[in-house]
Amino acid sequence: MTSATRRFAIAAIAFALAASTAQAQSDYPNNTVRIVVDSAPGSANDSTSRVLGDRLSKIWNQPVVTLNQPGAGGGISAKVASQSPADGYTLYMPSTSVFLALPGGPGVAPNMPVELPRDFESVSYILEQPLYIGASHKSGINTVADVIRMAKEKPGQVTYAATGRGRLTHLTMELLQARTGIKLQLVPYAGGPAQAMNDVMSGRVPLVLDGYAGLAPAIKGDLIKGLASTALKRPPGFENLPTVAETVPDFFVGAWTVLLAPKGTPEAILRKVHNDMRIVLDDPDIRAKLALNGGYVRHMTSPELTAFVQNEQKTWRPILEQVAKEAQK
C-alpha cells in the first residue's frame, strides 16, 4: 500500500467514525437513559429525579429510570456516575452535600467533594430548596435585623434550634454569624423539627431554622413568626416573607439540585439534554409537583452552573473548616 493510499484509507476511516458518531448523537436518545442519585428511594432527590424522568421519557419516547446509589456520603454515586460511559445514557443528580464535603474530613470519600469542571460536565441547574427562619411569638423578634441587634447586645445568649450539629441548618447560622459579626448559641435537636417546634412555640428557644417541610406549615399557620427565607428571591407562596438577603446582601443558602454528565459527554448531547430539561422545568404541572416539596425552579446555562457551584464551594469552605476545628476542641 502506497503512502497516498494509506493516508486515504485513514481519512476514510476517520470520516466514517465521525459520521457514525454524529449519527448516534443526532438519534439520541435511542435507548434507556438512567439518572444516578446519591440517596435512597423516597428522598427529595429521588422524588425529583422520578418526576423529571417521567416527563423526559415522554419527550424522548425512551425510558428514563432512576438509579439509587446511596452510601459513603455520596461517594458511591459519584464513582458510579463518573465511571459510566460518556455517551449521554448516564446522567447524575447529586445532592448539595457531595459538593460541600470537607476534603480529608472524617468519613469523606477520597473522590469527594465533587468539583466542576474537573469531575463532570455541567448540564442543568434544576431547583433550589431554601431554608426558613422562624421566631417564637413570645421572643419579641420580628425581623432578621432584630436578631442581629439582639445578638450584638447579648453575644452568645440568643439561642436557636436546628436539627443537628454540622448539618446545613447549623452551617447556615454559622454563615449568618460570620457575615454579620454576631454570636448565636446552637440548641441541636436530634429528634427533628417537631421536637424543636415545641420549644420555640413555648418561647423556651426564640429562633428556629429548618427546611420547607419542617417550618412552612408552622409559618403559614402562624404557630411561629416567619422571619425570612434563605432564597435570593422571595419564593412562590411566600411573597410576603422577606429573604435574609434583603438584610444581608447576597446571602443565599439552600439545598440545590443540579444535573451533570460524565466527563467527555459530547457537546451536542449536553446541549440537547439541557434544552429538553428546560422544556420540562417550564411545564406548570412539573413546577407544581416540585413545589410540593419546597423546590423552586431556577434556570442557568451550563457555564453559569459551573460558576455557581464554584462560588458555593468558595463560600462554604471556611465555614466547614471552622466547624470542623470547633468539633475537635
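Biologist: Why is helix H6 described as largely enclosed by the rest of the structure?

Modeller: In this predicted model, 10 of the 13 residues of H6 are buried, so the helix is largely enclosed. Among the buried residues are His170, Leu171, Met173 and Glu174. Their cover includes helix H5, strands S6, S7 and S8, and helix H11.

Biologist: What span does H6 reach from its first C-alpha to its last, and what is expected?

Modeller: Helix H6, residues 168-180, reaches 18 Å, close to the 18 Å expected at 1.5 Å a residue. Just after H6, glycine 181 takes a positive phi of about 75 degrees.

Biologist: How many aromatic pairs are counted, and why is the pair of tryptophan 256 and phenylalanine 308 called edge-to-face?

Modeller: The count comes to 10 aromatic pairs. In the pair of tryptophan 256 and phenylalanine 308, the ring centres are 5.2 Å apart and the planes stand at 80 degrees. Planes over 60 degrees apart count as edge-to-face, so the pair is edge-to-face.

Biologist: Which parts does this pair tie together?

Modeller: Tryptophan 256 lies in strand S10 and phenylalanine 308 in helix H11, so the pair ties together parts that are 52 residues apart in sequence.

Biologist: How do you know that the charged end of arginine 298 sits over the ring of tyrosine 125?

Modeller: The charged end of arginine 298 is 5.5 Å from the centre of that ring, and the distance cut-off is within 6 Å. Arginine 298 also lies over the face of phenylalanine 252, at 5.8 Å from the ring centre.

Definitions and conventions. Residues are numbered from 1 along each chain as its sequence is written. This is a predicted model: local features need pLDDT of at least 70, side-chain atom pairs count only at pLDDT 80 or more; totals for chains, interfaces and linings use all residues. Side-chain values use heavy atoms; hydrogens and water are left out. Rings of Phe, Tyr and Trp (its six-membered ring) pair if their centres lie within 6.5 Å; planes under 30 degrees apart count as stacked, over 60 as edge-to-face and the rest as tilted. Helices (H or I, at least four residues) and strands (E, at least two) are DSSP runs, numbered from the N terminus. A charge sits over a ring if NZ of Lys or CZ of Arg is within 6 Å of the ring centre and within 35 degrees of the ring normal. The expected span of a helix is 1.5 Å times one less than its number of residues. Buried means under 20% relative accessible area, exposed over 50%, partly exposed in between (1.4 Å probe, protein chains only). Contact means heavy atoms within 4.5 Å.
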